[in-house]
Amino acid sequence: MEINPASILTTDVASPVVQSNPDRVQFRSPRPVVKADRIQTVDLIRGLALLGILMMNIPGFGFVGFFDLFKNTHNLDFYTFAAVGVGFEGTMRGLFSMLFGAGMVLFTSNKQELADGPTVAEFYYRRLIWLVLFGAFNAYILMWRGDILYYYGLCGMLLYPFRKTKPGWLVVLALTCIGITMFKNQLYWNEMREKRAAYLQAAQVEKAHKKLTPKQQEAKTAWQNTEKNYKPDPERDAKRVKKMRSDYGTVFSYLLPQNSSNEAYGIYHGCWDMLSMMFLGMALLAWGFFSNRLSTSTYVTTLLVGYGLGLPLSWLFFNKLYVTGIQDIGRMVDTYRVNIDQVYDFRRALLAIGHASLLLLVYRSGLVPWLMHALTSVGQMAFTNYLMQSIICTLFFNGYGLGYFGKLSYYQLYYVVAAVWVFQLIISPIWLRYFRFGPFEWLWRSLTYWSWQPMRNPALATA
Amino acid sequence: MITSSLFSSPESTARAKPVSALSFLGGLAVLGVLFSSIQEFGMTSARLNEIIREPHGASYWLLTITNALFRTNAVALLTVLFGAGILLFLNGPQPTTGPAIPELYIRRQLWLVLFGLFNALVLLAPGDLLFFYAIIGVFLFPFGRLPARALFICALVSGLLFAGKYYWNFAENKQKYEAYQKVVALEKKNKKVKLNDEQKEDKSAWEGLARQGTFDKKGEETAIRAMRSDYGTVWSHLLPRIQQAESADFYQLRLWNFASLLLLGMALFKSGFLLNQLTTRQYAVLAVAGLALGQALAWLTLPVAERSVLDFTKYTTTLLLPWHLIVQPLEQAAMAIGYASLGLLIYRSSLFKSLVKALDAVGQMALTNYLLQSVLCTLFFNGYGFSYFGDLLYYQLFFVVAEIWLLQTLLSLVWLRYFYFGPAEWLWYSLIHQRRLPMQIPSEEPAQMGSSIAVLS
């Protein structure tokens, strides 16, 4: 039996236009209206997360001198940093991970198995392998050190056997992943404390005007090197600026070792960061949270709980880590037995749920339908928009483009963010009027199904 | 009763036969891989390099010969067979109840990740392979449908990338040396010159590399002392090494090395080679050609390999290419094909019936035996056991190897008279199927079923 691959590839991000295509409907579940609605809100939240991610990423793309921010905590730069840090740090990545987990469930459950030919599982894994390669492209070719596609592709491979797991167990899995992160955090912190203790001991010996043993000397420099990582380093910054404002080849070889060690160590040690939120997202999807199926009062409750617990926790975290911690890491290590990072995942999960609840409430209220429509389109083309952010930033900041790397102050970066947001909010709905998918979505699909996918919007073709 | 794809149906003897050939080869490979892992279990790599630097005696020749024949090549054979096991599993009969094959396959691989982590982080086997096989097996899942030709091409591409990565590392070292030379020249010109951070880094980067080329007696003593200590000390001593292997080494080298061999195994399975479907003549030709090519490459590049140990600076600066590493993918592939052909010739001939039967049993319990090797070695060599680490001479390691072989062969033969699977297999399959599988063979039923079990599947 030959089936047009386009019809089984109905997406996790189908648009209402695609819905109206009659030869697709037969492969879908019998309740297309509910489904369209459900899928819309997933896209809506994804759109928010996608735009939010740029807000978090922009310093990584173009800012130098992070530690200088803390010299003066009463200027626009620091206020910007504080607002973004308290309100959003980790949450947009968290939402994106949650929706990736939810998307996996939608992808695998939307499709019917063919009599013969590749199974849904095979398409799923093909899709992820391409995603890993797109991630490597984003990191090595578009020069974005903070790429997440590579990690999502690899983490996604773990999710498949859990697609039918009950939400309660998914939460247990999420908590397990958070637990592993916490364990690793604490090991790291214990090491810091040991280092610090050895240094203090050496300092005491020195104070008593005794000669340090080689071991004590080592302990002293070890801590001093750690401390150096928390201090401004103009020389290092200058070198970075010079490199990043050079030609493509220089930037490439400058970032190469960073990219390669990020990808090698990041996935091995850091996959829990993404897996925890992915499992949580799968649970939230199963409960109907992302699909707008809960009552308004429930969303009000999740909003209040999410912000009510999340914001104070976030404020505390921000203050301890960035204000106390960076200004005097030694005192921080002396004072606290527990790594402040231990609250990180809880605070960002709560805040992310708060953000999503707020957005869904706005969506329900019908206040700004044009904005909701635009955000949904952005979310529908999330893959394209994500890569587009890399393309814009790499060309705006790096030497082979406009070379703005390190030229903007912290708050000025957010002018760039606003410009990109406006651009993506306008271009995405327009694009989707004419085409079924974003260009990179189309490429990704074509690679996954290994045949060119139809691109034009069928509604327009018949008109 | 047990209707999973882990078995080909016992009725169809035509199918059962090739699978049994595969499990015989699996037994061969699992025992062979001990040649490679015993080096890591028993002594420091610094000591092994010393054997090459010292005046050439019996130890030198024994090491050189086992390295040429087995060190990477036994691993290659095991990897190829694991690749075949992937397709054996994916092409198995669809179970009538329970999850579909793709689902079972992914579960199989993900549980194997945990077995690998257990082997590395609990049994403290620094050379664990399961972790890599498990993860790359997931990547290769969508490749299962490709025809043999396409699989060969993928294996080739992956092998070329592997060789390319080696070359790249080598070229990087060359650059590091040049940077170091510049700093040294600067210092020579002006004794009082104050180096900036970048220059200091350049200098120490090469010095760190060059240090690997010399024997650090103190370092070795520290390592031996750590390995002969309690479990916690051994664990923290090995942890950085294991993590390095499973993160950076995996990303940079092992992925391409193992992917290439796993794909080769899949291709050899699809083309019928590993299913015992070629003529005896063809196997004889392939055995001779594979082993001859593999050994020729190993011995021709031996001087280069030794130079990298004897004089790292000269090795880096004078050579155009690190030949011994560049040829490794080809050498491994040729040797794996050669060994498999030789094995299949033995399997076919009527002379070695009891050997075939014994190795077949070892292969049916491949996972159990692989893990058992770690258990035995970790207890024999490390401080929480008999503490023989660094204590044996190189040739004495082979007594340990022989003892383990004997033990495993006997144990496998006896175990499979009473049970369907080895204990680790039973646990693995039960986890995959999420129910306790029957283990014990009822006394009236002949122990036929086990013979059709797949290698590591």
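This is a predicted model: local features need pLDDT of at least 70, side-chain atom pairs count only at pLDDT 80 or more; totals for chains, interfaces and linings use all residues.
User: OK. How many residues does the largest nonpolar core have?
Analyst: It has 206 residues. Those with the most contacts inside it are A:Ile58, A:Met157, A:Phe290, A:Phe397, B:Ile136 and B:Leu274.

User: Which helix gives the most to this core?
Analyst: Helix H12 of chain A, residues 248–286. H12 gives 18 residues.

User: And what is the second, separate core?
Analyst: That one has 29 residues. Among them are B:Phe35, B:Ile51, B:Leu392 and B:Ile404.

User: Back to A:Met157. What is it in contact with, leaving aside neighbours within four places in sequence?
Analyst: In chain A, the contacts are A:Tyr125, A:Leu128, A:Ile129 and A:Val132. In chain B, they are B:Ile106, B:Leu110, B:Val138 and B:Phe139.

User: Let's talk helices. At what angle do H12(A) and helix H10 of chain B pack?
Analyst: At about 135 degrees, with their axes 9 Å apart. H10 of chain B covers residues 231–270.

User: What do you call that arrangement of H12(A) and H10(B)?
Analyst: At that angle, H12(A) and H10(B) are oblique to each other. H12(A) passes H10(B) in a right-handed crossing.

User: Which residues of H12(A) and H10(B) meet?
Analyst: From H12(A) come A:Ser260, A:Glu263, A:Ala264, A:Tyr265, A:Tyr268 and A:His269. From H10(B) come B:Gln243, B:Gln244, B:Glu246, B:Ser247, B:Ala248, B:Tyr251 and B:Gln252. By class, the contact of H12(A) with H10(B) has 5 nonpolar, 6 polar and 2 charged residues.

User: Why does H5(B) count as roughly parallel to H17(B)?
Analyst: Because angles under 35 degrees count as roughly parallel. The crossing of H5(B) and H17(B) is at roughly 20 degrees. That makes H5(B) roughly parallel to H17(B).

User: Left-handed or right-handed crossing for H5(B) and H17(B)?
Analyst: Left-handed.

User: What meets what in H5(B) and H17(B)?
Analyst: H5(B) brings B:Leu112, B:Phe115 and B:Asn119. H17(B) brings B:Leu367, B:Tyr370, B:Leu371 and B:Ser374. The contact of H5(B) with H17(B) has 5 nonpolar, 2 polar and no charged residues.

User: How about H2 and H12 of chain B, where do their axes cross?
Analyst: H2 is residues 45–53, and H12 of chain B is residues 302–310. The axes come within 10 Å and cross at roughly 115 degrees. H2(B) and H12(B) are therefore roughly perpendicular to each other. H2(B) passes H12(B) in a left-handed crossing.

User: Who makes the contact of H2(B) and H12(B), and what residues are involved?
Analyst: B:Asn49, B:Ile52 and B:Arg53 of H2(B), with B:Glu306, B:Val309 and B:Leu310 of H12(B). The classes are 3 nonpolar, 1 polar and 2 charged.

User: Switching to loops. Where is B:Leu124 found?
Analyst: In the loop between H5 and helix H6 (130–140) of chain B. Phi of B:Leu124 is near 60 degrees, a positive value in a residue other than glycine.

User: B:Leu124, buried or exposed?
Analyst: Buried, at 1% relative accessibility.

User: What is phi of B:Ser387?
Analyst: Near 65 degrees, a positive value in a residue other than glycine. B:Ser387 lies in the loop between H17 and helix H18 (394–418) of chain B.

User: And A:Tyr410, where does that lie?
Analyst: In the loop between helix H17 (382–397) and helix H18 (413–434) of chain A. A:Tyr410 counts as buried, at 5% relative accessibility. Leaving aside neighbours within four places in sequence, A:Tyr410 is in contact with A:Pro59, A:Phe63, A:Leu69, A:Asp77, A:Thr80 and A:Phe81.

User: How many residues apart are A:Tyr410 and A:Tyr79 along the chain?
Analyst: 331 residues, yet their C-alpha atoms are separated by 9.7 Å.

User: Last one. Which helix holds A:Leu351?
Analyst: Helix H15 of chain A, residues 344–365. A:Leu351 counts as buried, at 0% relative accessibility. Not counting residues up to four places away in sequence, A:Leu351 touches several residues, including A:Val86, A:Thr91, A:Tyr307 and A:Ser314.

Notes. Residues are numbered from 1 along each chain as its sequence is written. Chains are lettered from A and ligands numbered from 1 in the order in which they are written. Side-chain values use heavy atoms; hydrogens and water are left out. A nonpolar core is a set of buried Ala, Val, Leu, Ile, Met, Phe, Trp, Tyr and Cys residues joined through side-chain atoms within 4.5 Å. Buried means under 20% relative accessible area, exposed over 50%, partly exposed in between (1.4 Å probe, protein chains only). Helices (H or I, at least four residues) and strands (E, at least two) are DSSP runs, numbered from the N terminus. Contact means heavy atoms within 4.5 Å. Axes are lines fitted to C-alpha atoms, for helices over the stretch in contact, and angles run from 0 to 180 degrees between N-to-C directions. Angles under 35 degrees count as roughly parallel, over 145 as roughly antiparallel, 65 to 115 as roughly perpendicular and the rest as oblique. A crossing is left-handed if the near helix is turned anticlockwise from the far one by less than a right angle, and right-handed if clockwise. Ala, Val, Leu, Ile, Met, Phe, Trp, Tyr, Cys and Pro count as nonpolar, Asp, Glu, Lys and Arg as charged, and the others, Gly among them, as polar.
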